[in-house]
Amino acid sequence: MERMGGADALMLYLDRAEAYNHTIKLQIIDPTADPDGWSWGRFKAAWASRVGLVPRRRQRYLRVPLGLNHPVWVEDPAFDLDYHLRRVGCPAPGTMVELCELICELYAHPLDHSRPLWQIWVIEGLEGGRVAVLLLIHHALTDGIGILRMLNNFWQTRPEALEHPEPVEWRPVPLPSRWRLFLEGLRDLPGVVAANLPGAIRGSRAGRRIVADWCREGRTLPPTPGDPHYPAPYATRLSPRRTFAARSFQLARIRAVGKSLGVTINDVFLATLSGAIRALLREQTGTAPTAPMVATVPFAFVPLEQRTRDGNYSTTCHTLLHTEIADPIARLQACKRSADTMKAYFEATREANLTAVLNLLPPLVPKLVDRINEIKSGGLLPFWNVVASNVPGPRAPLQLGQLKLTQWFSIGQLAHGASLNVTVWSYVDQFNLSVLSDPKVLDDAWHLVDQFDASLVELEAAERGAS
């Protein structure tokens with residue numbers, strides 16, 4: 001048995017019928033270079049030979065009786081690959097529009113918590129003979145950066161055999177009894193407290209000290225969830241439904257703007273998103289926003305190469321999307337200032353050990369906070385209004401045998417109080433945008449994708465005029 005960390009367990013505690021916490025990982029395959037062509041049977045055999053390379057794929061979780069400690073990961077003796085690996089056809093003509101509509105339907109079904117928390121849908125019938133591989137994976141298994149470890153255990157940077165030559169032998173043990181779960185949960189409690197309480201105390205003191213120092217120096221603090229000074233049109237209670245859209249942009253376009261104006265790729269992303277939301281709200285309400293809004297930004301505090309196990313090693317910070325500024329260059333500069341403040345605060349408060357605090361919290365506490373957060377439509381949890389994430393992905397093209405991975409999209413979940421998620425993953429020379437929303441606040445995610453495109457074009461034109 002392997003006990004969950006507090007951050008992993010939190011993702012389970014927050015899981016609800018409306019606020020489900022599985023995430024979308026979408027891989028688009030071009031099989032035209034494979035002389036044998038596409039084969040569902042061969043692909044399934046490849047997965048069967050590789051599934052053991054990530055032990056968590058064959059593990060389920062078990063709760064500790066009475067909520068005495070966090071749940072544990074155990075091998076699932078009833079693991080059945082046929083349950084987790086499924087096949088479906090995309091409605092004609094198989095464009096990204098039809099694919100994303102199908103993904104909305106598949107994503108809105110919660111995962112079975114009595115089994116390993118992931119599912120693959122192989123979607124055939126895309127334009128040009130392409131095939132989509134949709135991985136739905138619960139956030140309790142890993143964070144956004146951690147998915148790269150699983151990706152790298154399947155895809156390769158060079159042609160190799162489709163099936164893994166040395167599949168891992170697997171001999172699952174029987175599930176532990178409830179009595180054993182209780183006793184070991186009780187036994188582990190002193191160790192959990194001893195390992196995390198000093199860090200939680202130091203972290204809390206460090207966080208308070210940094211805030212006091214910044215206030216004394218007159219420095220601006222980043223915004224906080226629920227701050228009434230900022231409008232929050234996406235801080236709503238969720239419905240069970242979702243709308244999803246995805247589009248690839250050329251990474252070179254983003255880099256060119258950033259290089260010309262002396263800003264980062266992330267600054268360009270936040271400014272372009274701000275312009276897109278400004279246009280969207282003006283279209284929906286008839287008036288442009290007059291104030292900035294808060295965005296939640298995930299940060300990984302443990303690099304992938306330093307991780308010794310799968311799980312969540314991320315936290316969230318907050319910045320401002322300057323939707324109130326009409327001029328694209330001025331908007332970019334304001335977004336950069338806000339993002340720089342957020343990054344400086346994150347670096348200053350690294351010792352404010354959120355992981356240690358989460359490890360110490362008994363399951364009842366986050367569950368209670370979550371229920372109150374749902375009633376209040378957000379504000380008590382760090383996920384607020386808009387989630388905006390920009391993640392550097394693989395720089396080299398990936399493939400499986402002769403099957404080439406042509407596009408990679410990834411996006412996290414929604415939460416009560418954060419009904420819009422906009423995530424970018426780069427892949428080779430692509431800047432791959434995903435939008436996930438509740439239809440109550442955005443009836444069609446493609447509207448925001450189109451506005452993002454228009455906002456980028458506007459920023460490029462302004463950059464050319466300024467140079």
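Contact here means heavy atoms within 4.5 Å. With that in hand, Tyr13 touches Arg63, His70, Pro71, Pro363, Pro366, Lys367, Asp370 and Arg371, leaving out residues up to four places away in sequence. This is a predicted model, in which local features need pLDDT of at least 70 and side-chain atom pairs count only at pLDDT 80 or more, while totals for chains, interfaces and linings use all residues. Residues are numbered from 1 along each chain as its sequence is written, and side-chain values use heavy atoms, with hydrogens and water left out.

- Tyr13 lies in helix α1, residues 6–13; helices (H or I, at least four residues) and strands (E, at least two) are DSSP runs, numbered from the N terminus.
- Tyr13 counts as buried because its relative accessibility is 4%, where buried means under 20% relative accessible area, exposed over 50%, and partly exposed in between (1.4 Å probe, protein chains only).
- Helix α1 is mostly covered, with 8 of its 8 residues buried.
- The cover over the buried residues of α1 includes β3 (59–62), β7 (131–138), α10 (354–360) and α11.
- Tyr13 and Val257 are 244 residues apart in sequence and 42 Å apart in space, C-alpha to C-alpha.

**Two nonpolar cores**

- A nonpolar core is a set of buried Ala, Val, Leu, Ile, Met, Phe, Trp, Tyr and Cys residues joined through side-chain atoms within 4.5 Å.
- The largest such core has 67 residues, and Leu99, Ile123, Phe269 and Ile277 have the most contacts inside it.
- Helix α8 (residues 265–285) gives the largest share of this core, 9 residues.
- A second, separate core has 52 residues, including Val51, Ile120, Val391 and Trp425.

**Residues to find inside**

- Phe269 is found in helix α8, and Phe269 counts as buried because its relative accessibility is 0%.
- Apart from residues up to four places away in sequence, Phe269 touches Ala388, Ser389, Asn390, Val422, Val424, Phe431, Leu433 and Phe452.
- Between Phe269 and Asn390 there are 121 residues in sequence but 7.6 Å in space, C-alpha to C-alpha.
- Ile277 is in contact with Tyr234, Met293, Leu321, Thr323, Val386, Leu420 and Leu448, leaving aside its neighbours within four places in sequence.

**A pair of helices**

- Helix α7 (residues 251–261) and helix α12 (residues 445–466) pack at an angle of about 35°, with their axes 10 Å apart; axes are lines fitted to C-alpha atoms, for helices over the stretch in contact, and angles run from 0 to 180 degrees between N-to-C directions.
- From α7, Arg253, Ile254, Val257, Ser260 and Leu261 meet Asp453, Leu456, Val457, Leu459, Glu460 and Glu463 of α12.
- The residues of this contact divide into 6 nonpolar, 1 polar and 4 charged, where Ala, Val, Leu, Ile, Met, Phe, Trp, Tyr, Cys and Pro count as nonpolar, Asp, Glu, Lys and Arg as charged, and the others, Gly among them, as polar.

**Cysteines**

- How many disulfides does a search of the whole structure find? The search finds 0 disulfides, a disulfide being a pair of cysteine sulfur atoms within 2.5 Å.
- Cys104 is in no disulfide, and the nearest cysteine sulfur, that of Cys100, is 7.0 Å away.
- The sulfur of Cys215 is too far for a bond, because the closest cysteine sulfur, in Cys317, is 16 Å away.
- Cys104 counts as buried at 11% relative accessibility, whereas Cys215 counts as partly exposed at 47%.

**Backbone features**

- Most residues other than glycine have a negative phi, and most peptide bonds are trans.
- The peptide bond from Ala92 to Pro93 is cis, with omega near 5°, and Pro93 sits in the loop between β5 (85–89) and α4 (96–107).
- Ser377 is not a glycine, yet has a positive phi of about 60°; Ser377 lies in the loop between α11 (364–375) and β11 (386–391).
- Val428, also not a glycine, has a positive phi of about 55°, and lies in the loop between β14 (420–427) and β15 (430–437).
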